[in-house]
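Please read them alongside the sequence and the coordinates.

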Amino acid sequence: MPPIGTGKKGAKTTKKKPAEQTQPQDYVPPPPPMPGDEAFAMPIREIVKPDNQLRLNETELGEEVAKMLTANNPAAPKNIVRFNMKDKVFKLEPMVEQTVVHYATDGWLLHKSSDEAKRQMDMEKMEQEASARFQADIDRASHEHKEHGDVEPPDDSRQLRNQFNFSERAAQTLNYPLRERETFTEPPPTATVSGTCTQWEIYDEYIKDLERQRLEEGAKSKGTKKQQAAHGGATTKANEHIPTLQSPVLMHSLGTLDRMVNQNMYEEVAMDFKYWDDASDAFRPGEGSLLPLWKFVSEKAKRRQVTSICWNPLYDDMFAVGYGSYEFLKQASGLINIYSLKNPSHPEYTLHTESGVMSVHFHPEYANLLAVGCYDGTVLVYDVRLKKDEPIYQASVRTGKHNDPVWQVYWQVDEAQKTLQFVSISSDGNVNLWTLTKSELIPECLMKLRVVKAGEPTEEDPMATGPAGGCCMDFCKMPGQESIYMVGTEEGAIHRCSKAYSSQYLSTYVSHQLAVYAVHWNHIHPNMFLSSSADWTIKLWDVHDSKAPVMNFDLNDSIGDVAWAPYSATVFAAVTDDGRVHVFDLAQNKLLPLCSQKIVKKAKLTKLVFNPKHPIVLVGDDKGAVTSLKLSPNLRITSKPEKGQKFEDLETAKLDAVVEIARKSDADLAKH
């Protein structure tokens, strides 16, 4: 490639061309063409001089001009500056690439001495040898065939291979479009403030400050020694140095920052929680689905089972989770985590107990009070606002704690005495009412459970039958009937009791064959309640009919929990050991669930609870995880009252219609 520029080595002397070229003396112009031969005439050369051509005389034309050819590129930049990381300054780049490529092409020829050419020649030689051997085999076989006639021809399948027989597999991935978000904000309001400060104004302010100091010193001198000591103690406490990393201001800022990080991490889940609705429900009536949202897991709760979940009545995004164990041989210390939907990564508060936690319940009015029942029979009361790991009340052997696990605790509002009370039920057969005093918990026995066989009158002597173990309980939610409650026992019987009568049951419902694990009163209908048992069945009962349940549902697996939906009188859900959540709506389907969805793979679901405001459900498993699920529109259909109608009346009538149809079908079956 030829060098560009000037250099001393390739020096060359040239003469300047004259501006006007003179004709040679022996130049003879061509003859003019004959008429009609213009197409074959000789071309005529004409010299055209541009107007701006330089005019040189004979002396200037004879002058010699020397030009130097070098290897430097005249178009290469000479002012390239690069940042030097060592000296931390910009420095001029002395070496600049001077090579210019005018033409370049990739050829297919190889030099014989190169390695690639040798490999190709060796390959061609091998192919020629193989072809020669094959041709020799064919010739020999043809010759033998002519002589003998029964010789098979050689195998020529190797010659049929195609070295270009390949298929190219390629895929083009989709590049997602970039999303841009822009926000227009209004400028903050501004105000212009001006003022003047004179010498006498400064003097007046100094005088006022001196007068204030004199009055404060006089007030201190008149105070008593006790007041001075108290004031001094407060001053010492105020002047106490708090480490920066433990200051409340920093803790509050870190909490806010943690919420912001979680909001960015779970932005899509938050959008689904707020706006998602399964559009396919419009095309499949009678079916629904559950959308998994957040999953709440902590390191301390990994080897524990979720035994209780309770929503906070004041903050609809906060809930408490109790961790323990249902197995007798695997008991350990208990744990309570209080989570918020705003921060699914970590619990807001963590409380530890000596024994496994079996039940938790928030007070309906004082949302900071949390009642806890433990496996060793202890009941505790925590004040969440204190952020302490110690309970404010704890029942002991001296105060009459339970002898067996406390399966459920339930706060009761005492309208007469205005005292704080809660009820607990245990396997020892006692239903106790605990009253919070200034110093301790005072127990009161509401009911001693006893075994009552089917058809046996309840007025018999309690000592004639043995004690019954309580498993679950629930109070009536209708106004005026807050003292009525249901109790499920280990023997499979359900008893309706009252706080006013501690000697006998109001009624007994016997239909389950094994222990009753959950009893829940309907939130809207005053006479309907659900029960689930270890016999794999769920039964719908009418309070006034204790002979037989209204409806039966067999889920073909052990049932962990069942709960009514707070927004409808006909919707309830249940969880089973195979990891499924079953959601029923009796108004749409009286036999099968609208949704039976598997939530976890290798775990058993133990607890379920509906949110009182949002269409979401929390389910807990035996691995210590709590999963939040959103109900699709078909699973939360409610009545729409018109003008003059009440929502409660419509929902009650809807469930009554379902019960009436179920009773008619049972009567028809009994006749046949």
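1. The structure, a predicted model, holds 20 aromatic pairs. Rings of Phe, Tyr and Trp (for Trp, the six-membered ring) pair if their centres lie within 6.5 Å; planes under 30 degrees apart count as stacked, over 60 as edge-to-face and the rest as tilted. In the pair of Phe 296 and Tyr 339, the ring centres are 5.2 Å apart and the planes stand at 55°, so this pair is tilted. The pair links distant parts of the chain, with Phe 296 in strand β5 (residues 290-296) and Tyr 339 in strand β8 (residues 334-340), 43 residues apart. Both Phe 296 and Tyr 339 are buried, where buried means under 20% relative accessible area, exposed over 50% and partly exposed in between (1.4 Å probe, protein chains only).

2. Tyr 326 and Trp 407 form a stacked pair, because their planes are at 20° with the ring centres 6.3 Å apart. This pair also joins distant parts of the chain: Tyr 326 lies in the loop between β7 (318-324) and β8, and Trp 407 in strand β14 (residues 406-413), 81 residues apart. Tyr 326 is partly exposed, its relative accessible area being 35%; Trp 407 is partly exposed at 21%.

3. Phe 296, Trp 311, Phe 319 and Tyr 339 are linked by ring pairs into a cluster.

4. A charge also meets a ring: the charged end of Arg 450 sits over the ring of Tyr 505, 5.0 Å from its centre. The criterion is NZ of Lys or CZ of Arg within 6 Å of the ring centre and within 35 degrees of the ring normal.

5. Glu 648 is located in helix α7 (residues 647-671) and counts as partly exposed, with 44% relative accessibility. Glu 648 and His 525 are 123 residues apart in sequence, and their C-alpha atoms are 7.9 Å apart in space.

6. For the chain as a whole, there are seven helices and 32 strands, taken as DSSP runs numbered from the N terminus (helices H or I, at least four residues; strands E, at least two). Of its 672 residues, 34% count as buried. Among contacts (heavy atoms within 4.5 Å) with a separation of 6 or more, 49% involve residues 24 or more positions apart.

7. On conventions, residues are numbered from 1 along each chain as its sequence is written, and side-chain values use heavy atoms, with hydrogens and water left out. Local features need pLDDT of at least 70 and side-chain atom pairs count only at pLDDT 80 or more, whereas totals for chains, interfaces and linings use all residues.
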